[in-house]
Amino acid sequence: MTPADYGWDTERERSFASSRADGLVPARVVRAERGLCEVVAETGPVRVVVAPSSETGDQLPPCTGDWVAVRPAGAATAATVVEVLERRTAVVRSTTSRTSRAQVLAANVDTVAVTVSLADPLKQGRIERMLALAWESDANPVVVLTKADLCADPVSAASEVATVAPGVEVLVTSAATGEGTDVLAAVLSGTVVLLGPSGAGKSSLGNRLLGKDLLATGTVRGSDGKGRHTTAWRELLPLPHGGVLLDTPGLRGIGLHDADEGLGQTFAEISELARDCRFADCAHATEPGRAVLSAMEDGHLTRRRLDSYNRLRRENAYSASRTDARLRAELERPKKHGALLRRAIKQSPNFKA
């Protein structure tokens, strides 16, 4: 296998000319660990070390799917990643820590397959959250409904999902029976990443697409429908009919990070309605001239859909505020005002607990 089998193209080759002149070679990261990477270079699979930050500056460490510039091994030195090449797309989520860092789940993907199990009750809010993540990556999102063989009415389920996935193809599949997998294989293109929680059937579906059992699968707990993490790391695997598959561990937390465009596309009908609101910064709550609320009152928009949009929009704003001191101050101002008001009320001689 060579970089061409993993998506290296003439455009990337042209932009890599100066690096070649410096003695570097291109490679794609198929698996990333701390300080180490497994890559596919022109000579085949290679295990390389990552140059320390003192040499690479503020550059983020490579992740699965990245294209990197590698300095080949010398007589006394190991092959080393010295540069992460520009990412065309990236699936990014907010970390669960209190830092402002984002986590890149996959780089240079062409298709994001949002996997949803039909063996469990549908959670529309989770689907919307994953779609916002997918749209923001600049890749093409597809919703893949898995385990259709365990669902009494997969057609109705697909119709329900379609209402929260405007502009996105929704496919019904079953890895157990093979239903829908041929259609899915035809829809997926380039580098494909499977996103979803543990137990959604990503690895079973991936094995169907790969044509062999290369990915570990596990059982789902009957008590809560959750699965164990059978995929322990992100890994790139070539697909038999072209392209590559990126399997990921199940996502417990899916925090949004700078996902304004992703939210706009996930909630396209609300974004369109918001253009007719009187105020550009309308919160769609109590303002006059509120086109979005009018649509809800007319029955063209559900309360659940609007609440989900507002909730994710607030979360995204908070995530952005962690890297923007001015925005953080604006968000904290109402909290401080409310605290001062409550304190003043308690200090009032007429206050009774």
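Six strands form an open sheet here, in the order β10-β9-β8-β11-β13-β12, with mixed pairing. Helices and strands are DSSP runs numbered from the N terminus (H or I of at least four residues for helices, E of at least two for strands), and two strands count as paired if DSSP finds at least two bridges between them. Strands of a sheet pair through backbone hydrogen bonds, either parallel or antiparallel. At the edges of this sheet lie β10 (169-172) and β12 (235-238), each of which pairs on one side only. On average, and ignoring direction, neighbouring strands are turned by 25 degrees against each other.

Before going further, please keep in mind that this is a predicted model, in which local features need pLDDT of at least 70 and side-chain atom pairs count only at pLDDT 80 or more, while totals for chains, interfaces and linings use all residues. Residues are numbered from 1 along each chain as its sequence is written, and side-chain values use heavy atoms, leaving out hydrogens and water.

How confident is the predictor? Its confidence in each residue is the pLDDT, which runs from 0 to 100. The protein chain has a mean pLDDT of 83, and 77% of its residues reach 70 or more. Over residues 221-231 the pLDDT is below 50, and this stretch has 23 contacts in the model beyond near neighbours in sequence; a contact means heavy atoms within 4.5 Å. Residues 348-353 also have pLDDT below 50, with 2 contacts beyond near neighbours in sequence. Where pLDDT is low, the predicted coordinates should not be read in detail.

Let us return to the sheet. Strand β11 (residues 191-195) and strand β13 (residues 244-247) pair in the parallel sense over 3 bridges, and there Val193 stands opposite Leu246 in β13. Helix α5 (residues 154-162) packs on the sheet, where it touches β9 (140-146) and β10, and its direction makes about 160 degrees with that of β10. Such angles run from 0 to 180 degrees between N-to-C directions, with axes fitted to C-alpha atoms, for helices over the stretch in contact. Helix α7 (residues 202-210) lies across β8 (111-117), β9, β11, β12 and β13, running at about 165 degrees to β13.

Next comes helix α11 (residues 303-321), whose 19 residues reach 27 Å from first C-alpha to last, close to the 27 Å expected at 1.5 Å a residue. That expected span is 1.5 Å times one less than the number of residues. Among the buried residues of α11 are Arg305, Leu306, Tyr309 and Leu312. Buried means under 20% relative accessible area, exposed means over 50%, and partly exposed lies in between (1.4 Å probe, protein chains only).

Glu128 meets Arg304 in one (2.6 Å, N to O). Glu128 lies in helix α4 (residues 124-136) and Arg304 in helix α11, so this pair ties together parts that are 176 residues apart in sequence. Arg305 also meets Glu128, at 2.7 Å, N to O. Arg305 and Glu128 are both buried, whereas Arg304 is partly exposed at 32% relative accessibility.

Elsewhere, Glu38 and Arg47 meet in a salt bridge (3.2 Å, N to O). Glu38 is partly exposed, with a relative accessible area of 27%, and Arg47 is partly exposed at 44%.

Notes: pLDDT is the predictor's confidence in each residue, from 0 to 100. A salt bridge is a side-chain nitrogen of Lys or Arg within 4 Å of a carboxyl oxygen of Asp or Glu.
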